[in-house]
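Hi,

Here is the structure I promised to pass on, with my notes below it. Have a look whenever you get a moment.

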Amino acid sequence: MAEEFLRIDKLVKTFGGNAVVKGVDLSFQRGEFVTLLGPSGCGKTTILRMIAGFERPTSGTISVEGKDITSLAPNQRKIGMVFQAYALFPNMNVGDNIAFGLKIASMPREQREARVEEMLKLIGLAGYGKRFPFELSGGQQQRVALARALAPSPKMLLLDEPLSALDAKIRVSLREQIREIQRELGITTVFVTHDQEEALSISDRIVVLNAGNIEQVGQPFEIYNKPTTRFVATFVGTLNTLNATVADAGAKTVRIGETTATIPALPTSAKAGETVALTMRPEAVALANGVDRDIMLEGKVAEVAFLGSVIRLKVDLGGNLVSVDTFNDQRTPPPAHGTSVRVGIAASDVLVLSA
Amino acid sequence: MIGRRFWAWVVFGLGAAYFLLPLLATFIFSMQMRRDRLTFDAYLSVFSDERFQSTFSYSLVCAVCAIIVGVAIVLPAAYFVRLRLQWLRPVMEFITLLPLIVPPIILVFGHIKLFNSSSILPLTNSTLGTDVLIVCGYVTLALPYMYRAIDTGLRTIDVQTLTEAATILGADPIRTMVQVIFPNIFVAVLSGAFLTFAIVIGEFVLASLLNRPAFGVYMQNVGANRAYEPSALAIISFALTWGAMGVIQLLDRFAPKTARQA
């Protein structure tokens, strides 16, 4: 059984009467990579800053390895943190930046120098020790910031949107490197981001936050495929909505235009004649080129977006605009704007979400 | 394009002439101690005057003390206000502007009234006490310049994130201030220090009324009794100020850089 490392109990934070975090309970396992995901103002950074000790909770507790650290000063917590703005000390070179925490911990000089070299190798910047932060690119600076945070062997690593200031390509390579290093060191990591792709790609678990509350906690696969609330479904990935009328609640059948379909996810509480919103991911909808699915619908292509390996079409299905993702195939060009198409949906991929 | 550049040079030339011609006239006059030729006799006379050396040394020591005390007071105050007490900034601005509003004569009378021989803390009773008093007065006079210089320096760095980065690595507030914040605003602190130096070197009112042998008092005495030496002293003062400004510019090149160079 996995060992609990960090625990947050009934955490509340208010700023001038405005509650930013509203009674959050969370548990993190040792060595786990957990992402706090949510839009701006959802409270994710505030939770991270409370874990770091930069903000004092209005109420609630934070414990590490069973010890309450809620009132402990940030410099006593033995936590490593990487900031969005790098926060490298401009007056120190790369080596001195990495050695800063080690000097405070009174590590002997020889050991310190060896540790700095080890960290530089870990981040792939061996030989950069004498350079100053202004001589490095954004990605390199953030790697140095990571090395500086990891050098004193902290108990836990906090990452506050560390990739936000970087361009797309570096962001992807650095996030892979962060994950690789985290796995190698087995350090419990809390990562804050508003980028769902980032969260899905590197996390063991994702905590989706909205307006200071937890919406859902789960593995990336679970969060994406089995969202429990409409917010999670719409915030994480793209979601199609089709309006349908309940035909027979007992038989779980609905009518979409002229088509009747059986939806296993239709709740038993639904009433005949009631309008329900059926939701599905773009990849759950397929262009029906010889494909036979549970639900087959006619529509017109309203928009074509070429995204490289994927082509995203927007198909107008009797007033419902539905996104359809298909893989790019050099031999088959995508349907043109205004073309009539048939789309197929597997009934098992359809979710009926609560509000 | 060429026309615009021409007029820019004309404006620059007029501005430069406005500032430099009086200085040139003073310089030429300072060299006319002998009727038949231009010499540096006035300068030699100033430098060989024992009072010049003693008063300048006295003011120099006072300036150094005022700089140390000023930095020790202003740096932590400006740092903590910027870090934790942003709402207090207007109050700080107002307080640090007071020395520009209240004339030094009022300040020194206040000092004498509060710290005279019949007060609880009779600083004016001893030479050392009066020296302490005059340094405190200089710190007050230089406060607007020292605060603004340091505050401008703090504005150029991300004080909060740097402080948090140092703190999470285990640093206490003093270590953070000394090892992270101070080196990154060193040039700004130096600007404040040189401005303090310039104020102290030329200050007359405090030194005169507290009866201390400062350089400002000496300059006033020389000005009242000699013809060419005051001009030489004015040129020396300018040279000192410009030298200080040059040192600031030079040190600025070695300041820690916060952005990637283009």
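A:Ser153 sits in the loop between helix H4 (138-150) and strand S7 (156-160) of chain A; helices (H or I, at least four residues) and strands (E, at least two) are DSSP runs, numbered from the N terminus. Although A:Ser153 is not a glycine, its phi is positive, at about 50 degrees. A:Ser106 lies in the loop between helix H2 (94-104) and helix H3 (109-122) of chain A. With a relative accessibility of 59%, A:Ser106 counts as exposed; here buried means under 20% relative accessible area, exposed over 50% and partly exposed in between (1.4 Å probe, protein chains only).

Before you go further, some conventions. This is a predicted model, in which local features need pLDDT of at least 70 and side-chain atom pairs count only at pLDDT 80 or more, while totals for chains, interfaces and linings use all residues. Residues are numbered from 1 along each chain as its sequence is written, chains are lettered from A and ligands numbered from 1 in the order in which they are written, and side-chain values use heavy atoms, with hydrogens and water left out.

Now for chain A as a whole. Chain A has eight helices and 20 strands, and its C-alpha atoms fill a box of roughly 80 × 50 × 40 Å along the principal axes. Of its 355 residues, 51% count as buried. Taking contacts (heavy atoms within 4.5 Å) in chain A between residues at least 6 apart in sequence, 67% join residues at least 24 apart.

One of the loop residues is A:Gln219, placed between strand S10 (213-218) and helix H7 (220-225) of chain A. A:Gln219 is partly exposed, at 47% relative accessibility. Leaving aside neighbours within four places in sequence, A:Gln219 is in contact with A:Asp204 and A:Arg205. From A:Gln219 to A:Val34 there are 185 residues in sequence, yet 9.2 Å in space, C-alpha to C-alpha.

Next, a sheet. Five strands of chain A form an open sheet in the order S13-S12-S11-S14-S20, with antiparallel pairing; two strands pair if DSSP finds at least two bridges between them. Its edge strands are S13 (259-262) and S20 (351-352) of chain A, each of which pairs on one side only. Within the sheet, strand S11 (residues 240-248) and strand S14 (residues 275-280) of chain A run antiparallel and are joined by six bridges. A:Thr241 has A:Thr279 in S14(A) as its bridge partner.

The largest pocket holds about 510 Å³ of space. On a 1 Å grid over the protein atoms alone, a pocket is an open set of points where a 1.4 Å probe fits, with protein on both sides within 12 Å along at least five of seven lines, and lining residues have an atom within 4 Å of a point. Grid points are joined across faces, edges and corners, and the volume is the space filled by probe spheres set on the points. There are 21 lining residues, and those closest to the centre of the largest pocket are A:Val310, A:Ile311, A:Asp325, A:Thr326 and A:Phe327. Strands S17 (310-317), S18 (320-327) and S19 (340-345) of chain A are the elements that give two or more residues to this lining.

A:Thr326 belongs to strand S18 of chain A. A:Thr326 and A:Val310 are 16 residues apart in sequence, and their C-alpha atoms are 5.7 Å apart.

Finally, chain B and the cysteines. The structure holds zero disulfides over all chains, a disulfide being a pair of cysteine sulfur atoms within 2.5 Å. B:Cys65 is in none, and its nearest cysteine sulfur, that of B:Cys62, is 6.5 Å away. B:Cys65 is partly exposed, with a relative accessible area of 32%. For B:Cys136, the closest cysteine sulfur is in B:Cys65, 10 Å away and too far for a bond. B:Cys136 is partly exposed as well, at 37% relative accessibility.

Best wishes
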